[in-house]
Amino acid sequence: MRMFTDRFAGRGKPDPFAIAVAGAGLAFAGMGYAFWRRRQKRGAEPERIATDAPHWTLDKRSARALFGKSVLVNRPREEVFAAWKVERFPEFMENVVAVEPLGGGSARWTIKGPARREVHLVNSITESIENETISWHSDAESEIANSGEVRFADAPAGRGTYVTLILAYDPPGGKLGRLGAKLLQREPEVQARRDLHRFKQLMETGEVTSNASPSARKSESPVEPHI
Amino acid sequence: MRAVTWQGRHKISVETVPDPEIVNPRDAILRVTSTAICGSDLHLYDGFIPGMRAGDIVGHEFMGEVVEVGSGSTLKQGQRVVVPFTISCGSCFFCEKQQYSACDNSNPSETRDASELLMGHAMGAAFGYAHLTGGYAGGQAEYVRVPYSDVGPVIIPDDLPDDDVLFLSDILPTGWHAAVNADIEPGDTVAVWGCGPVGLFTIQSALLLGAGRVIAIDHFPARLRLAKQLGAEILDYTQVDVREALNEMTGGIGPDACIDCVGMESHGFTPDNILDQVKVQIYSVTERPHALRQAILACRKGGRVSIPGVYGGFADKFPLGQLMEKGLTVKSGQTPVQKYSGELLKMIQDGKFDTTSLVSHHAALEDAAEMYRHWHGEQNDYTKIILKPGLEKGAVQARKESEHADA
């Protein structure tokens with residue numbers, strides 16, 4: 001406090017205009033310095049330390065759309081892994097119309113796409129380690145090239161299982177197409193995130209949570225969920 | 001059935017809507033016998049809670065009779081139950097820790113995205129309280145669907161009338177939780193901002209939890225009178241500088257715990273609140289946290305601040321430095337109602353709480369629109385309104401003056 005009183009003691013009132021000009025000058029000088037520093041740095045590779053961030057969370061360019069989503073499921077890992085099987089997918093994957101096994105770990109998936117279209121995928125499991133992970137990639141005839149992995153890991157202190165879904169795919173229509181699909185709520189990241197939560201609900205509560213209830217909106221039914 | 005619906009800012013109407021149905025095994029359907037209008041319903045009424053849609057059925061304080069159950073419900077037809085306003089699954093990480101209001105399953109996949117975007121994580125669900133908290137129909141209706149009915153509903157013995165137990169749904173446990181969150185030590189002085197229904201239950205709870213004295217702050221004479229009747233010392237902020245009074249009543253150190261039972265729509269003509277009012281009018285903020293600012297500045301160093309009052313988003317001019325420099329502890333959150341249901345029902349049976357003095361009006365469900373107007377505009381006379389689906393339209397029963405005025 002004394003510092004301030006000493007500094008201003010015995011002086012006349014400062015001219016507000018002079019203060020404003022000085023402030024603007026400082027701001028310009030600061031911006032100029034920042035641009036100059038940036039210019040100096042250009043070309044030089046900045047040091048990047050390897051971190052423990054999951055790879056799908058890193059800010060990096062990728063030709064494919066890549067995302068991952070983790071949920072904590074308050075059940076033992078063996079039980080969670082056992083429940084993650086094709087026959088049970090329709091219980092929690094709202095967008096999956098059908099999964100037809102083609103033998104040899106391959107299956108043809110029919111999925112709801114934007115604007116009431118259906119999308120067909122042909123995927124083959126590349127690796128399956130019990131209670132740990134299931135990986136897959138798409139075959140040539142798949143309408144959308146994709147690959148992915150589901151991981152199951154123990155959560156600490158008996159809290160259950162971390163389930164992580166990682167998916168990379170070639171969005172039809174590129175980035176713009178992906179944005180459009182997101183707006184229509186039929187984009188794989190949106191769908192996968194919601195399906196993963198439905199899986200968690202099913203595992204923990206025995207049912208898929210629904211807000212189905214009446215409203216005064218004519219377009220809604222009391223037995224259908226709504227946004 | 002008939003139901004109270006939100007149609008827009010300051011627009012409430014009673015409409016005929018489809019009956020609810022059992023959707024999931026753990027569901028139950030209730031025939032509602034009593035349902036109250038909550039102070040937080042006014043935040044919906046004023047349009048400050050994001051995520052409401054025209055046609056939503058409101059109401060989160062209700063009780064009724066079980067008329068239908070799913071195969072996984074533990075309830076039986078004919079049972080009378082009070083339903084916690086928080087919807088909780090009982091089996092996720094949060095519910096196991098008894099943080100029921102943080103339930104990670106009740107907010108469905110379809111609605112949790114928006115909630116996650118705004119709050120960082122999806123909120124637990126509640127009845128009749130916007131789509132950020134699940135988009136479930138509320139209980140100001142003839143019938144209501146109750147999910148996870150094996151976890152929430154409190155079975156009520158036949159000898160207890162509705163009015164004695166209805167508030168187990170929200171405001172009684174919320175007042176209790178507010179006082180528990182204040183970590184009251186024997187002999188503490190506890191200041192409570194707001195003498196609405198939650199404030200009045202907070203006063204009772206603080207005294208039951210060992211507070212030496214409770215100082216209640218409001219400006220409506222009828223509400224201050226109720227606070228006094230329940231054992232609080234009272235301050236009218238239109239008559240006094242609240243912080244000066246609190247300091248002078250505590251030897252200059254301030255109250256040990258300060259509880260904000262006001263929330264996002266503070267009253268009062270202080271410079272900060274007038275500025276907030278202007279900002280709210282131009283939609284640059286939703287919060288008017290004058291009471292909370294005052295509580296933080298009033299609290300003694302190293303004291304506790306408990307916030308049961310509802311806030312919706314980002315607040316301006318929050319006294320963060322004051323909070324840090326004074327070393328205050330803050331606890332907040334929607335009430336984990338299920339955690340307290342059992343002990344509070346027992347305490348009601350033992351006569352520990354006055355649950356009825358605050359009720360000023362009983363009215364028909366059909367009169368809901370009018371009652372919301374009164375509740376919003378006449379807070380001195382309307383201290384708590386209970387809607388009864390059974391009553392004839394226009395059959396309003398006001399509390400007799402003699403029952404409260406001169407107590």
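Two strands count as paired if DSSP finds at least two bridges between them. By this criterion, six strands of chain B form an open sheet in this predicted model. The strand order is β13-β12-β11-β14-β15-β16, and the pairing is parallel. Strands β13 (233-236) and β16 (329-332) of chain B stand at the edges. Each has a single partner strand, so one side of each is left without a neighbour in the sheet. Neighbouring strands of this sheet are turned against each other by 20 degrees on average, direction ignored.

Within the sheet, strand β11 (residues 189-193) of chain B pairs with strand β12 (residues 213-218) of chain B. The two run in the parallel sense and share five bridges. B:Val190 stands opposite B:Val214 of β12(B). Helix α6 (residues 197-208) of chain B packs on this sheet. That helix touches β11, β12 and β14 (257-260) of chain B. The direction of α6(B) makes about 170 degrees with that of β12(B). Helix α8(B) lies across β11, β12 and β13 of chain B. Its course is also given relative to β12(B), at about 170 degrees.

Helix α8 (residues 242-249) of chain B packs against another helix, α10 (residues 290-298) of chain B. Their axes are 10 Å apart, and the angle is about 30 degrees. Angles under 35 degrees count as roughly parallel, and α8(B) is therefore roughly parallel to α10(B). The crossing of the two helices is right-handed. On the α8(B) side, the residues in contact are B:Val242, B:Arg243 and B:Leu246. They meet B:Gln294, B:Leu297 and B:Ala298 of α10(B). By class, the contact of α8(B) with α10(B) has four nonpolar residues, one polar and one charged.

Chain B is assigned two domains. Domain 1 spans 2-170 + 336-401, and domain 2 spans 171-332. Taken over C-alpha atoms, the centres of the two domains of chain B are separated by 25 Å. Domain 1 of chain B gives 26 residues to the contact, and domain 2 of chain B gives 24 residues. On the domain 1 side, the elements that give two or more residues are α1 (39-45) and α12 (337-349) of chain B. That side of domain 1 has 11 nonpolar, eight polar and seven charged residues.

Helix α12(B) also meets helix α5 (residues 171-181) of chain B. The two axes come within 10 Å and cross at roughly 100 degrees. Angles of 65 to 115 degrees count as roughly perpendicular, and α5(B) and α12(B) are therefore roughly perpendicular to each other. Helix α5(B) brings B:Leu172, B:Pro173, B:Trp176 and B:His177 to this contact. Helix α12(B) brings B:Val337, B:Tyr340 and B:Leu344. Six of the contact residues are nonpolar, one is polar and none is charged.

Strand pairing of both kinds involves β18 (residues 385-388) of chain B. Strand β3 (residues 28-37) of chain B runs antiparallel to β18(B), and three bridges join the two. Here B:Ile37 stands opposite B:Ile385. Strand β17 (residues 361-364) of chain B pairs with β18(B) in the parallel sense, over four bridges. B:Ala364 has B:Lys388 of β18(B) as its bridge partner.

Chain A holds an open sheet of seven strands. The order is β1-β7-β6-β5-β4-β3-β2, and the pairing is antiparallel. The edge strands are β1 (65-73) and β2 (96-103) of chain A, each pairing on one side only. Neighbouring strands of this sheet are turned by 20 degrees against each other on average, direction ignored. Strand β2(A) runs antiparallel to strand β3 (residues 106-112) of chain A, and six bridges join them. The bridge partner of A:Val99 is A:Trp109 in β3(A).

Helix α6 (residues 188-205) of chain A lies across β1 and β7 (161-169) of chain A. This helix runs at about 15 degrees to β1(A). Helix α6(A) also takes part in the contact between the chains. There, 26 residues of chain A are in contact with 34 residues of chain B. Helix α6(A) gives the most to the chain A side, with seven residues. That side divides into eight nonpolar, 11 polar and seven charged residues.

How values were computed: Residues are numbered from 1 along each chain as its sequence is written. Chains are lettered from A and ligands numbered from 1 in the order in which they are written. This is a predicted model: local features need pLDDT of at least 70, side-chain atom pairs count only at pLDDT 80 or more; totals for chains, interfaces and linings use all residues. Domain bounds come from an automatic or database domain assignment. Two residues are in contact if their C-beta atoms, placed from the backbone, lie within 7 Å. Ala, Val, Leu, Ile, Met, Phe, Trp, Tyr, Cys and Pro count as nonpolar, Asp, Glu, Lys and Arg as charged, and the others, Gly among them, as polar. Axes are lines fitted to C-alpha atoms, for helices over the stretch in contact, and angles run from 0 to 180 degrees between N-to-C directions. Angles under 35 degrees count as roughly parallel, over 145 as roughly antiparallel, 65 to 115 as roughly perpendicular and the rest as oblique. A crossing is left-handed if the near helix is turned anticlockwise from the far one by less than a right angle, and right-handed if clockwise.
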